[in-house]
Each structure stands twice: as structure tokens, then as C-alpha cells.
Amino acid sequence: MAKFTVRFLPSDISTTVPEGTSFLEAAAAAGLPLRSPCGGQGHCGKCVVQVGCGADEARPEERRLFNDRELAEGRRLACQAKVIADADVIVPASSLVVEHRVSVEGAFREVLVEPNVCKIPLRLSPPSLEDPRTDLKRVLDALGRTVRPTRSLGPLRALPGALRCAGDEVTAVTVGDDLVAVEPGDTSDAAHGAAVDIGTTTVVAYLCHLPTGRLASVAADLNPQARYGADVISRLQTAVAEREGAARLSRAIVQLLDDLVGRAADEAGVSRESIYEIAVVGNTCMTHFFLAVAPTGLAEAPFVPAFRCAQRVRAADLGIAVHPEASVFVLPNIGGYVGADTVGMILASELDRGDGVAVAVDIGTNGEIVVAKDGEMCACSTAAGPAFEGARISRGMRAAAGAIDAVAVEDDVDCHVIGDVPARGLCGSGLVDAVAELVRVGVIAESGRMRRPDELLSHPEKVRHRLIENEDGVQFVLARAEETEDGKPLSLTARDVRETQLAKAAIYAGMDLLLADFGASPGDIDRLLLAGAFGNYIRRESAIGIGLIPALDLDRVESIGNAAGVGARLVLTSTSERRRAEAIARRVKHVALSERDGFYDRFADAMALRPMSGAD
Amino acid sequence: MAVLDELQQAIISGNRDRAKELTQQALDEELEPRKIVVDGIAAAMEVVGEKFRANEFFVPELLIAQRAMKESLSMMSGTPIDHVGTIVIGTVRGDLHDIGKNLVAAMLEGAGFKVVDLGVDVSPDQFVSAGSENSANIVAMSALLTTTMGAMRETVQALEKAGLREKVCVLVGGAPVTQSYAEEIKADAYAPDAATAVEKAKQLLPT
């Protein structure tokens, strides 16, 4: 098979790939990840590159996207174009994956610190004729409770040396009821656990000091599986259709987790070996990928996971380098796509207890919703995510430097850009603001239709002039050419508004349906919790304005940050919280929206861009 | 016909209750049922289709117009209509997404087709039996998951095996489906949206 050299500009990085490789894969091989929210299907148009020669013929999907002039210039979709000769490729900045803003804070509640990992300093009397107990029995007796020696030989082999090393002082390490190590001296303070939230888009590791429960450090990064698609379905496709797909997805996430744990340890100034347990949360697909269990059943109806219950496995077996005997605890899944992260969210927000009606929404990539009434719970996942993550919006992007994340409209339009740099795109919170403001001032009708300039004669001139119509249709310019990174106006198109409608209607309808199951309506909500990175940055007024969430008094709506991560930390820090998490998973009723008659009607009813309260 | 014009408007604007009222009114006025369907309902869906193509209407408007149309049409059952053709439609096996498929079915119905909607999670064999039992002109398939698209290829093959492939045309659509894919699996046509589906369906009819 012939091999060719592909050179990427302007960074001047080259790589050699076999003939027929896509430019997207070549870029990844060169260490230049390109955006591919649709997972390389040719749908999203985000991986644009310019190729001189060396690429095959343009595909119909590309001919639809680029006009003749652009095609003549060599504009191609990196995921569709294949290498057929040595090639020079120009990569526009807008096609590159960029560093990302993550929500790592979480409102942590107070719990009694009783971790699963215990390090107990022991003073042992040495063996004598009167007391010829074995080394192991001496330690087990001193612990005074039923503890099993771990099945692995490691601890046993280290035992004799440890006992005779630092005089009569040793520290026994137990994880649950297993004795996993005996260390010379008093090392009881060097006990850590890592709580990891494997999000579809972002992975966050929280390093906790276990004796105190204190947060020691945090490390976060983008989920490298994003190469295979921004959403879970695209990745499932890779796992199911490609021979090494599931293994690759698993390796990607395990390697990142190992890396993050190392980074967090470095930052806290502690050793990897002082980490004895890792608690993991993620949606059902992520937990499957992490454990390298093929999520085949989740790829098509009736969408059944391979497993639901909590999993406990040795970190070393997964290839994660912490203490050799450390274990990994993966919280249980609820059902379908609603997984361990939702359990974490419920645990953190205590939806399993309390009176009244409480709703938690994670407007992340999968849009999970939990509705609780007096502690009884049901949950669903909506497919609403992608629009709010930028995947189906014309200038959509994730929340990173250059993203417009807030918009206000009065006499003119005022946009805030993350990092205060020239604008390069619109992220979720910016999108919701833009639509909400434009609806509020009448540029966009409730039906979602963008009004024509001649219908806005009584509007401020500066606002009116931003509404333009060209061969691409009607659009509203948010950032003018001189304010953007690429020198082109950054607009919200009529189609973007529709995508927003569809996404928000799905979330609202899901919430409405779950509430109806309890005989409640949106107006009955006592507490509405917005979780996930998106929940932290979205303006509640805007979310209410477009009917993404019900019109409630603002003091009933709260952002709870990365609640799934908080849940993982709780599980690490407290064994009663761990039991509570397992009980929660068993109790929550999973609702498959696609099978419910009422969803379609509610979905259609929720299309309008206006405050909704269920009193309609 | 004032009442039929108003009925059109009610359907186009997605006003379900008004569409019901006006359909009843038209029936009470003893208008010919066929005329109500053609000049009231079908005409409304044609306008909806045009507005969609003109990027004035998008999926949200189609959804609510479709609901109003269904309301009206359900009151007209029993009316003998000369259908322009018969279509069997469904979402493929393993896939439960039906909003897009419902829209296409509604637009086709509005355009005068007899539509046999098999629902969701439809196996290749079910498509074949329904196609044969209803003497369908077209078998239309929708898939929204890349993981379920393969069932379309299997259905085409099942039609061939049953000796039915020559008698029906295959029309495919759904978010992950593309023209290239349609050609790859030897379907007859691909439509990216409901309005185009109606156009293609009409083109596929035997002349």
C-alpha cells in the first residue's frame, strides 16, 4: 500500500499515512485534532480544510456545502477527502479543537467522613515464644474487625519486610473489608481517592484527601473520544461498526483518566501510590466504554445496557497506575442512557429525600432530566444536547476562548466573548441569550420565524441593520466583520433558531411528561436544579424566556455545577453515601421517552419560543 | 369557498381546534367530502410544503400543521378518494424515531397518496409483506441512527429476494442518510426533508 506525506499549514507539521486515509485521520495522526462533532459523517461541516493537490474527488455532501469557487480553491471536508498523493493542507483556525472552559466547582454538602479506604496505624508487639502468631494474624487481630486479606499476593509478599522495617509501627490499609497493604511506619495521612466524572465532552478528576474528605486538587480535559463524534450515538456507531472501535474508545478514555489522576497528584504534591480508590461516574455509554464492555445493546431499540449495577474492579487491571492494589468503583447506571452520572447528580442534590417537587436537568450532551416528588424519582434522557453544544448551529462552538457566551439587545447588540478576544463562534449560553433577547425585542417571532427588515421599522436602527437576507436566507448579525477572528460577520441564522427550538422543546417536553407521571405540572416545581457545565453559565432569565425551562420564580432555579462529580466525591468520602447511591439507582424509574405517546404532542406544544408554565 | 379557505389557514397555522371546527362546519354545510379533502386539506399541505422549501417554514411549523391536518383528515375517513399512489412507510428496525417519518407520512397523505404507516422498529420482512399486501408503489424508510441505517440495505435485499423489487420504488431518508448512501444500497431515491419526499414520491410513480 502506497504511503504519502501530508503537510499541515500554517503549523508545518507533517505525517505519513497510507493511501486512502482521510485528512481527518491524517490530522489526528499529526497531533492536530480537527473538530468533528458528527464523528466524521460529513454532516456538520466543521472540519473544513483547503487542499491543493493530493485529494480525491469531492463528494456530494461537499458539493452541497461548498460552491464552485470554493471547490476550485480546494475547500474540502477533512472527514470526506481522502489522501491519494503527497499533499499540502491549509487548516483554518476555525476547524481546530480549542482549549475548553470546564465547570469544576460544585456545591459540596457536608457529610460524615467515613471513606471506604482506611489507613490504620498499628503498634504491634513483636513475635515471641508466648505469642507466636503469624505476621498476618498479628495484623488482622490488631485491626479488631473482620478484614480479609486481599487475594493478590502483593500485600502478603510485602508484609514480612514492612513489619520488621520501622520498629513496631505499621499502617494497615483496608479498602472496604479487604486488607490491601501493610506499610512500614505511620503513613495514615497519605491516603487519597480520585473521583472522576467521565463526561461525553469533558472529563474531570477530583483528588480527595480521604482522612479529612478535603479536596486536594482538580484536573480536567476534553474527552479524547470526541474524535469519534461529539455525541454518544456517533461513538456507539464507531464501537459497533468498526472492528477495533470499542477497544479504541476504551483505551482513549482510560489513558486520559490515568493522565488526569497523575496530573492531579502532581498538583497536590502527592504520589500516585497514595491513591487507593477511584470512584467513577459517567452516562451509561461512558461507563461501558471505560470498562471496555461493548455497549452493543445501546445502539438500537430497545436500548439495553450490558449491565446496570455498580462495578468494582482493580485499577491495575484497567491499566491505571495508582496504588498497585487500588480499586475502581463505578457507580451504578439507572437504565437506558441514563447512567451513573445521573445517580451522582441525584446523590449530590439529595433529590431522593425531601418533600415537594424537585427537578434536576443536566443540559449537557445528553440532556438527562430527573423529576422527584417527595423522594420518589423518575428519569429520562433527551436527545437535545447537540444544539446547545454547538454541533448543529452554523457558527456554534463549545465554550472556549472566542465564544460569544452572553448577548444583550437594547439600542444595539452587545456580545460578551470568552477571553475577550475576537469572536469566533457562539456557545450554548450565548445561543440561549441571543434567541431570548431577539424574541424579547421582537426580531424573532414566537413561532421561531425571523422577521424581515421591513417588519421592524419601529425598531432601533442599529438593531434593524443587523438583520440581513442573502442567498443563505435570513440571518441576524451578532458580531460584525471587524469584531470577528476571521473577518466575516458572525450571525445567528433562521435555521439556528429552529435547531434551538427543537432542542429546547425536547427538554421541556421531557420534563413536562415526567411531571405529569406524578400528577404534577411545571408550575408545581419547588426546586429546579441546572447541572453540568452548561447549567452554570446559562442565564436563567433567558432559559425561561425561550421556554427551555418552566417560568418559575428565580429563587426556585439554581445552578448546581458539576453535581455528578460531587456525587462521585461523596461516594469516595462516605460509605453510607455509597450505599445510598446504590439504593438510588435501584429506586429511580427510567422512562424511555421514545415509547411514550404523550411525548410527541408535548414536543409539538413546546416548540414556541416563549415562557411556559404548564398553565396553558 | 370561504369555509375551505379558512380551513386551509387553520391547518397551515397549526390551529388544531379551529381545523376541527371548520371541518365539521364544512361537513354540516354538506360540501362534497372529496372537495373538502382536496381543496381544504391537501391544498393546505401543499402550501406548507412550499413554505418549507422557501425556508419560511421549518420543522416546528410542519409539526403543528401536521397535527391539525391529522385532526381534520380523521374526520373525513370513509371518503372515497382517488389516490395517486400507495406508499408503505416506516422507521427501520432498531430505531424508534418517528417525528420525521410522521411528517413525511402526513405530507404524502396531504399530497393524495394512500399511506400505510408501519410505525417504528419495522423489520425488512414487515416492509416486504406490507409492500406486497398493499400493492404499494413505493416503500419509504426512515432511520435516525447511524447504527440502524444498515437495516435499509437489508430491506432492499429482502425486497429483491421476495421478487418484489421490480414492482416497488424505494425511497429513503433520515438525518444520517445521504444521497451517496442511497446509491450505495441501490435505493431509487433519497429525500433530505418532508417536502422533497413528496416531490420524489410523485416522480417515482409509474407514468
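Helices (H or I, at least four residues) and strands (E, at least two) are DSSP runs, numbered from the N terminus. This is a predicted model: local features need pLDDT of at least 70, side-chain atom pairs count only at pLDDT 80 or more, and totals for chains, interfaces and linings use all residues. Residues are numbered from 1 along each chain as its sequence is written, while chains are lettered from A and ligands numbered from 1 in the order in which they are written.

**View 1. Strand β3 of chain B sits between two parallel partners, β1(B) and β4(B).** β1 (residues 85–91) and β3(B) pair in the parallel sense through five bridges, and B:I89 has B:A140 as its bridge partner in β3(B). How many of the five residues of β3 (138–142) are buried? Five of the five are, where buried means that 20 or more other C-beta atoms lie within 10 Å of the residue's own, exposed means 12 or fewer, and partly exposed is in between, with C-beta atoms placed from the backbone. Both faces are covered, with B:I138, B:A140 and B:S142 on one side and B:V139 and B:M141 on the other.

**View 2. Chain B meets chain A, with α4(B) giving the most residues to chain B's side.** The contact takes 21 residues from chain B and 24 from chain A, two residues being in contact if their C-beta atoms, placed from the backbone, lie within 7 Å. On chain B's side, the elements that give two or more residues are α4 (59–74) and α8 (179–184). α4(B) contributes six. That side of chain B divides into nine nonpolar, eight polar and four charged residues (Ala, Val, Leu, Ile, Met, Phe, Trp, Tyr, Cys and Pro count as nonpolar, Asp, Glu, Lys and Arg as charged, and the others, Gly among them, as polar).

**View 3. Helix α4(B) on its own is mostly covered.** Of its 16 residues, 13 are buried. The end C-alpha atoms are 22 Å apart, which agrees with the 22 Å that 16 residues should span at 1.5 Å a residue; the expected span is 1.5 Å times one less than the number of residues.

**View 4. Four strands of chain A form an open sheet of mixed pairing.** The order is β6-β8-β9-β7, with β6 (117–123) and β7 (148–149) as edge strands that each pair on one side only. β7(A) runs parallel to β9 (residues 178–184) and is joined to that strand by two bridges; A:P149 stands opposite A:L179. Helix α4 (residues 135–143) of chain A packs on this sheet, touching β6, β7, β8 (169–175) and β9, with its direction at about 110 degrees to that of β6(A). Helix α5 (residues 153–165) of chain A lies across β7, β8 and β9, at about 35 degrees to β9(A). Axes here are lines fitted to C-alpha atoms, for helices over the stretch in contact, and angles run from 0 to 180 degrees between N-to-C directions.

**View 5. Six strands of chain A make another open, mixed sheet.** Their order is β12-β11-β10-β13-β15-β14. β12 (214–222) and β14 (311–314) stand at the edges with a single partner strand each, so one side of each is left without a neighbour in the sheet. Neighbouring strands are turned by 20 degrees against each other on average, direction ignored. Seven bridges join β10 (residues 192–198) to β13 (residues 275–282), which run parallel, and A:G193 stands opposite A:E277 in β13(A). Helix α10 (residues 340–349) of chain A lies across β10, β13 and β15 (327–330), at about 100 degrees to β13(A).

**View 6. Helix α17 of chain A packs on the six-stranded sheet.** α17(A) touches β10, β11 (202–209), β13 and β15, and its direction makes about 150 degrees with that of β10(A). Why is helix α17 (residues 563–573) of chain A described as largely enclosed? Because 11 of its 11 residues are buried, the rest of the structure largely encloses this helix. Among them are A:G565, A:R569 and A:T573.

Conventions: Pairing = 2+ DSSP bridges.
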